[in-house]
Amino acid sequence: MHTLTTPPRIEDHALLGNTASAALVRPDGAINWACLPGFDSPAVFASLLGTADHGLWRVGPAVYDGTPPPAADRRHYVGNSLVLRQEWDTPAGTVAVTDFMPAPTVSDHAEPRIIRIVEGISGEVHVASVFRPRPGYGATRPSIERTAHGAHRLRATANPDSYSLDGPQHTANGRGVCRADFAVRAGQIVVLTLTWVPSHRPAPIPPDAFTELDATIEFWEQWAAGCTYRGPDREAVVRSALTLKALCHPGGGVVAAPTTSLPEQLGGERNWDYRYVWLRDSALTIAALLRLGFLDEARQWRTWLVDTVNPEHLQPIYRINGDADLDEETLDHLPGYESSRPVRIGNGAADQLQLDVYGELADTLLLAEDAGLAPSPQCDAMLLALAEQVEQRWREPDEGIWEIRGPARHFTHSKIMCWVAVDRTLRLLERRSATDPAVLARLAQLREQIHTDVCTRGFSPESGTFTQSYGSRALDASLLLMPLVDFLPSDDKRLIRTVEAIQRELTEHRLVLRYATRGDAGGNVDGLAGQEGAFLACTFWLAESLAVIGRHSEAREIFDRLLPLRSDLGLLAEEYDPLARRQIGNYPQGFSHWSLTDAAVRLASRPQLRRPALPEPRAVVNQVLPAAVVA
């Protein structure tokens, strides 16, 4: 047996999920992060961002006298599922623990649960369950009682939440730590179930664990079977798709990641809460799933979007339920992952102007219709209203795709995505025979106006490249998206020089940075101190961009170099620290996983959902229109 590094690396964690909430499991059997009942609920286990006193639940070989618990000798997901199996070889025998959260359609029970099945494989192994619930992100020691449902049920309550633990009898000490010790021989099974309910309701008796296990595996396997990708590295693509599916709430929202405040620089301040719906991230996740053949998630997302978004008051981030309140707070009682403070909940970027969001929304909505989603009059109206907002606001400076905390700028990527928003809206509305020709002409003129502005003001004749922002000579990895959205032909020399310059000047240790940081708040465009790791998505974008401009062997070499950076379970965080050789940032990160799947699809040269060339919007664009129409 071997022990786990202390603290465990971010990539040491496994993801459990039911598409409404999530938990992380360490190789030693400890769940050290779990938000129930939803992604953005206060964590009941938060030792990921602190110490054991901030909550965890470990099930594995028993240890005593302060000995560190051993890490599993083997672990894997069961098939194409989010069911985790870990095995320990001990001097006394081998034991396995299978962890899962029942899938959303498995039963009629709406209460989220975490089920842990302990199985003796050989010999006789002494096992311990150490249950230390700490609701409110580790701030609250709950009241613990045994319930009328039996001597083996514990109920931990901290209003408004209650957590019921069924399984072997646990004893509780005065510090709110509950423990059960039991032995399993070969063939013996012990089941533990943790169920969340509102504190005013009793928890139900848990259903049969093995029935739920079989149904959960079937749920994920059937979903994964819908993946149409058959190219190289299919296993990596399917695992990334499963991870993305785990971030897709049944209500249609898609969270960026299931964690908060995992640092982009160890010990630094770049720590953010990602447990919300970024319109950008959700659109790009849905687009990636569409390219893999999944349509249901796009249908649910589009419905959520129409129900949630007010085009006249668009904000880049929402809660899963569509609420717009994301006030940013710090949790001073948590020391942070590897002393990376502050620990934040909420996200102040919700109040920013991020003009690129309009483009990602329009691009994915058109892609969804190309993939077979039926036209929606409500969606058309929303898109046109969003395009009208672009018309009003595209000349403004914004905080951009990277959500800078410094002064707003005229980011070139933001302007490009404004062009995308108008272009895709025009393409979609052109299909509708009832669209007013004057509207189409107006959009066509606006599209040309933005394109000309970007090519004039976002391009530096001195460097021969497009730049991070108007008037700047700095580069930005977001410009790698330019060849991926068809802003310019793939053989345009300006585009090629920009890709080559980013590859040359924004690459460290053969990984791509988002932009240059110099370690002081005054020098960083983002307004923050310190630096950060390489942004994994940007390196996948480089691979895609090189493929677009015809440098396929280089693109493949970059992609093949990225795959080993995944965890042993195929998961990726937001960034990678090439010096420490470890993942950093929130985990698992949707941005990284959709970028992986998109790059794989492009490099495989599979037929993709290609949009036909845009015809001129009927004959009306050539007409001389009254000034009032085109103003």
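Trainee: How much space lies in the second largest cavity?

Mentor: About 40 Å³, and that volume is the space filled by probe spheres set on grid points, which are joined across faces, edges and corners. Before we go on: this is a predicted model, so local features need pLDDT of at least 70 and side-chain atom pairs count only at pLDDT 80 or more, while totals for chains, interfaces and linings use all residues. Residues are numbered from 1 along each chain as its sequence is written, and side-chain values use heavy atoms, leaving out hydrogens and water.

Trainee: What makes something a cavity and not a pocket?

Mentor: On a 1 Å grid over the protein atoms alone, a cavity is a set of points where a 1.4 Å probe fits but cannot get out; a pocket is an open set with protein on both sides within 12 Å along at least five of seven lines. This structure has three cavities of 30 Å³ or more.

Trainee: Which residues line the second largest cavity?

Mentor: G400, I401, W402, F411, H413, S414, D476 and S478; a residue counts as lining if it has an atom within 4 Å of a point.

Trainee: How do you know which class each one belongs to?

Mentor: Ala, Val, Leu, Ile, Met, Phe, Trp, Tyr, Cys and Pro are nonpolar, Asp, Glu, Lys and Arg are charged, and the others, Gly among them, are polar. Sorted that way, the lining has three nonpolar, four polar and one charged residues.

Trainee: And what about the largest cavity?

Mentor: About 280 Å³ of space lies in there. Its lining has 22 residues, with Y274, I401, W402, E403 and R514 nearest the centre, and splits into eleven nonpolar, two polar and nine charged.

Trainee: Which residues lie nearest the centre of the largest pocket?

Mentor: R26, D28, A52, L56 and P69, out of 36 lining residues. The space in that pocket is about 800 Å³. Strands 4 (30-35), 6 (56-61), 11 (113-132) and 15 (171-172) each supply at least two lining residues; a strand here is a DSSP run of E, at least two residues, numbered from the N terminus.

Trainee: Why is L56 called buried?

Mentor: Buried means under 20% relative accessible area, exposed over 50%, partly exposed in between (1.4 Å probe, protein chains only). L56 has 10%, so it is buried. L56 sits in strand 6 and touches I31, N32, F45, S47, V130, F131 and R132, leaving aside residues up to four places away in sequence. Touching, or contact, means heavy atoms within 4.5 Å.

Trainee: What makes W33 buried?

Mentor: Its relative accessibility is 0%, so W33 counts as buried. You'll find W33 in strand 4.

Trainee: Why does L165 count as buried?

Mentor: L165 is at 1%, so buried again. Look for L165 in strand 14 (residues 161-166).

Trainee: Where do helix 3 and helix 13 meet?

Mentor: A236, V237, S240, A241, T243 and L244 in helix 3 meet G590, H593, W594, L596, T597 and A600 in helix 13. By class, that contact has seven nonpolar, five polar and no charged residues. A helix is a DSSP run of H or I, at least four residues.
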